[in-house]
2 protein chains.
Amino acid sequence: MNEKARNYVDLFRKVKIASAATVDEQGRPQSRIINVMIASDEGMYIVTSKGKPFYKQLVDTGRVALSAMCPDCQSLKFTGKVKMVDKKWVDRVFEENPGMNEVYPGDTRYILDAFLIYEGSGEWFDLLNYPINRETFSYNASEEKAGFEIQKNCIGCGSCIPVCPQKCITEGEPYKIDPVHCLQCGACFEVCPAEAIKRLHP
Amino acid sequence: MNEKARNYVDLFRKVKIASAATVDEQGRPQSRIINVMIASDEGMYIVTSKGKPFYKQLVDTGRVALSAMCPDCQSLKFTGKVKMVDKKWVDRVFEENPGMNEVYPGDTRYILDAFLIYEGSGEWFDLLNYPINRETFSYNASEEKAGFEIQKNCIGCGSCIPVCPQKCITEGEPYKIDPVHCLQCGACFEVCPAEAIKRLHP
């Protein structure tokens, strides 16, 4: 895990309370509040118990998406892959999070399993300060492209400039969107008469 | 919307900052931090802009799951259906949330659309106080069953009592799980020698 990814994984661990989203057997999104229990160079560890729909969804799909917010770190999001790991990680989680003993006292902890989020990509996003800021990160996976990019067939008409809420497009050949400050709202894409703006995400 | 559901919808609005989960075109869970902009008897309103993957996922699937946490309300989760509504709701959102004008000044707001979460079901869950507490709610949809129930073929052996982390099973014919305090961990289900415990959720 590179330093940038490690920084964001540590932020998830610092925030601790995150939302974990999964897809259920009917293909519906499901989400609940969880704790990110451990963050290491291998990824993030979470625990859940065998009887829960969350557990079944993790096992069935091998995927989870996290998002979290805090006053210091603003908004974090992540989507990645998950696998069940040895029960010794349940013990590690209880060592590092002793409050868990109140919820699952004694040996009752072993109805839990630990899951490692071993790869994925995410984004940090600060909507609270202007201009807005964003940065992508990933570990054991490639960063996912998002937002919009102005291509060479830009005719320099300037239609995109006034519609940009964050004023992050600058003149040039071609015009350029500053991806760090872009809301990814798509307003420029909608108005471009030359169809010169490419959507980078699906 | 009944009073109980209204209460929880108001909580989402009070918390404001929630995670919104969707399913992307590859079937993966995706999640990001959003604001619940308006809560009314019709449901919850959210906004997003046309260029975002979130927008496309809402339109393509018609579904969203929310979860939120706050010191007072503990943990809330919800999954339901969503539909795009008239642009006048974008104006309503900006009236009630004037801070939105800093992100989308002037007419740039109309790259946003408003979506109404018009039905769904959810759960409030308090893991911070013991015994833990939970309550389900729904609007324009039936409440979803979750957890475990002991059936008539219970043999009264008592195997389930010591494995329950929250001690919420009481003797009787059959034994009974208190659903309000149940972690839904499934420990009782795993040990029952009579297979008398039914899993209520998929």
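The exercises below work through a predicted model with chains A and B.

**Exercise 1. How many residues of chain A and chain B are in contact, and how much area is buried between them?**

Step 1. Begin with the contacts: 55 residues of chain A touch 55 residues of chain B.

Step 2. Turn to the area. About 4300 Å² is buried between chain A and chain B, and carbon and sulfur atoms give 61% of that.

Step 3. Look at the polar side of the interface. It holds 19 residue pairs in polar contact, both residues at pLDDT 80 or more. By class, the side of chain A that touches chain B has 27 nonpolar, 16 polar and 12 charged residues.

**Exercise 2. Find the salt bridges between chain A and chain B, and name a pair.**

Step 1. The count between the two chains is 4 salt bridges.

Step 2. One of the pairs is B:Lys50 with A:Glu190, whose side chains meet at 3.6 Å, N to O. This falls under the cut-off of 4 Å for a salt bridge.

Step 3. Side chains of opposite charge can pair when their charged atoms come close.

**Exercise 3. Which elements of chain A supply the side that touches chain B?**

Step 1. List the elements that each supply at least two residues. Among them are the strands E1 (17–23), E2 (29–35), E5 (63–70) and E6 (74–85). The helices include H2 (53–61), H4 (100–103), H5 (160–163) and H6 (187–191).

Step 2. Pick out the largest share: E5(A) gives 7 residues.

**Exercise 4. What relation superposes chain A on chain B, and through which surface do the copies meet?**

Step 1. Chain A is superposed on chain B by a rotation of 180° with 0.0 Å of shift along the axis, at an RMSD of 0.0 Å.

Step 2. This is the relation of a two-fold axis.

Step 3. Of the interface residues of chain A, 100% are also interface residues in chain B, so the copies meet through the same surface.

**Exercise 5. Describe how domain 1 and domain 2 of chain A meet.**

Step 1. Count the contacts. In chain A, 8 residues of domain 1 are in contact with 7 residues of domain 2. The buried area is about 580 Å², with 50% from carbon and sulfur atoms.

Step 2. Find the residues of domain 1 that lose the most area to domain 2. They are A:Pro131, A:Ile132 and A:Arg134, which together make up 75% of what that side buries.

Step 3. Check the polar pairs. The two domains have 0 salt bridges between them, but 3 residue pairs in polar contact, both residues at pLDDT 80 or more. On the domain 1 side, strands E7 (112–126) and E8 (133–139) of chain A each supply at least two residues.

Notes
Residues numbered from 1 in each chain as written. Chains lettered and ligands numbered in written order. Predicted model: local features only at pLDDT ≥ 70, side-chain atom pairs only at ≥ 80, totals over all residues. Heavy atoms only, no water. Contact = heavy atoms within 4.5 Å. Buried area = accessible area lost by both parts, 1.4 Å probe. Polar contact = N/O pair within 3.5 Å; in protein donor to acceptor, adjacent residues only side chain to side chain. Helix = DSSP H or I, 4+ residues; strand = E, 2+ residues; numbered from the N terminus. Nonpolar A, V, L, I, M, F, W, Y, C, P; charged D, E, K, R; others polar. Least-squares fit on C-alpha atoms with pLDDT ≥ 70 in both.
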